[in-house]
Amino acid sequence: TGSVGKYAVQYLLEASKANEQPIKIILAGRNETKLKKIQEDITSDTCSVDIFVAGSGDAAGLMKMAEQTKVIVNCAGPFVEYGEHVIAACAKTGTDYVDITGEVYWVADMRQRYGEDAKKSGARIVPLSGFDSIPSDISVLAAVKALREARSNDLQIETATTWHGMTGGVNGGTIQSALRMPLDINNMFREKNGSFRKGPFLGFDPLSVTHPTEIRFNPKFQKTKDNMAIVEWMNQIPSFDRTLGLAFSIPFLMAAVNSKVVNASSISLGYGENFKYRERHLPLGFPMTTILGMFSAIPGLIFMYFLMCFSVLLKLPIVGQKLADFMFPPGSSPPDMLNQTCRSEVYAEVASKAASPTQEGNLDIGACHIKFKGDPGNLVTAQCVCESAMALIHNRSELPERSNDGFGTPAEIIGDVLLKRFSENKVRPVEITTATKKDISTTTSLLC
């Protein structure tokens, strides 16, 4: 019954009609009055809509709900408070699951607790399927795919960078989730034996959402983890980027989340043993940033300063929570008119050593540019999570091989199917372009 949940229902109805694919939708939540109100407002020739009343703490009720459906789309956060029994029910019953969380520490905990259940039941569990972190995850996947098609399937990717440009507002749920994000300073800088980490964590383990025993706590990946952690810290430094003609970029606000997802995909999909990922933000968007060039540093630094001040203010004891409750109450979102007019885009660039370099150090580059319509936190998030859910239903035979325990990233579990669904979308078209360039010292402009 929250803002994203309503947009998700609307998207499913439109997709069912546009694709001529009947869908049975069950609206679930703890407030029967709100559910019935949404149900009454729905008219559809291709969808049947029922309701199911169950609170987030009603484990038995959620198990019953999961048994009645093929895939659950969870839009109710903060997930650390409301999500565990939902994901547990899916893992135990074999029901597929997608959500819009950005709480990687919670995802890591859920995989560790319910991975064995999902492994036995056959469920596919795909958290982080909203704006966090599908645009980052699949743009890198598409760029890697384009370069490998131009070179070879076993090509080792050395680096990947995404640049994000967008307009939009902030949802109450996003702010409330951020406020509840724990910060364990000791765990960030020290190993369990008390020694200092070679690569301190930026918030959380860079391999948080990977398989716990096979990868995350496997000593074989310790060097990889250290290197990824260092890159995450380096990404926090503002930079003049040659790819943008020396225009200025700042670290993307959600880089600490999205990097964990792309890192996990890089290992499960074998991008490269020395893979390094950076994620940048262009506060003025792509066109204006490239026009201003180096002068884009002025608005970029101003934006970064105010963002840092606001973040510190929200973290103040008592004051921060009261401010958040006043400005961004749970379930709130920007006006619908604003959500409809906003846009977001992501440009990903991956690089490997040139196959036939004309000079030492030259690279082969793969790129992907994805453009979405609508506010990132609402319309784009609803589109991402719904397309993920429909891929699990309608494209099941085309999906990649399931992970060992059923948990995984969008790129790993859904992969190319998601890219295809976006590019062929009839509800809200998504523009996806890819390009490659071989044997160059560096890029000085967007390839696509």
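Biologist: Which residues are linked with E84 in a network of salt bridges?
Modeller: In this predicted model, E84 is linked with D109 and R113 in a network of salt bridges.

Biologist: And how many salt bridges does the count come to?
Modeller: The count comes to 16 salt bridges.

Biologist: What about K260, which residue does it form a salt bridge with?
Modeller: K260 forms a salt bridge with E232, and the closest N and O atoms of the two are 2.7 Å apart. The pair links distant parts of the chain, since K260 lies in helix α12 (residues 255-268) and E232 in helix α11 (residues 222-234), 28 residues apart.

Biologist: Are those two buried or exposed?
Modeller: K260 counts as buried because its relative accessibility is 0%, under the 20% limit, and E232 counts as buried too, at 4%.

Biologist: Where does D205 sit, and what does its side chain meet?
Modeller: The side chain of D205 meets that of R216 in a salt bridge of 3.4 Å, N to O. D205 sits in the loop between α9 (185-189) and α10 (212-216), whereas R216 belongs to helix α10, 11 residues apart from D205. D205 is buried, with a relative accessible area of 5%, and R216 is buried at 16%.

Biologist: How far apart are K36 and E32 in the helix?
Modeller: They are four residues apart, about one turn of the helix, and both lie in α2 (residues 32-40). K36 is partly exposed, with a relative accessible area of 37%, and E32 is partly exposed at 38%.

Biologist: Switching topic, which residues form the nonpolar patch on the surface?
Modeller: The patch is formed by L284, M288, I291, L292, F295, I298, I302, Y305 and F306, which together have about 960 Å² of accessible area. Two elements give two or more residues to it, namely α13 (285-292) and α14 (297-315), and the largest share, four residues, comes from α14.

Biologist: Last one, at what angle do helices α17 and α19 cross?
Modeller: The axes of α17 (residues 376-394) and α19 (residues 416-423) cross at roughly 115° and come within 10 Å, and the crossing is right-handed. Residues making the contact include Q383, E387 and H394 of α17 and V417, R421 and F422 of α19.

How values were computed:
Residues are numbered from 1 along each chain as its sequence is written. This is a predicted model: local features need pLDDT of at least 70, side-chain atom pairs count only at pLDDT 80 or more; totals for chains, interfaces and linings use all residues. Side-chain values use heavy atoms; hydrogens and water are left out. Patches are made of residues with over 30% relative accessible area and no salt bridge: like charges are joined within 9 Å, nonpolar side chains (Val, Leu, Ile, Met, Phe, Trp, Tyr) within 5 Å. Accessible areas come from the Shrake-Rupley method with a 1.4 Å probe; for residues, only the protein chains shown count as cover. A salt bridge is a side-chain nitrogen of Lys or Arg within 4 Å of a carboxyl oxygen of Asp or Glu. Axes are lines fitted to C-alpha atoms, for helices over the stretch in contact, and angles run from 0 to 180 degrees between N-to-C directions. A crossing is left-handed if the near helix is turned anticlockwise from the far one by less than a right angle, and right-handed if clockwise. Contact means heavy atoms within 4.5 Å. Buried means under 20% relative accessible area, exposed over 50%, partly exposed in between (1.4 Å probe, protein chains only).
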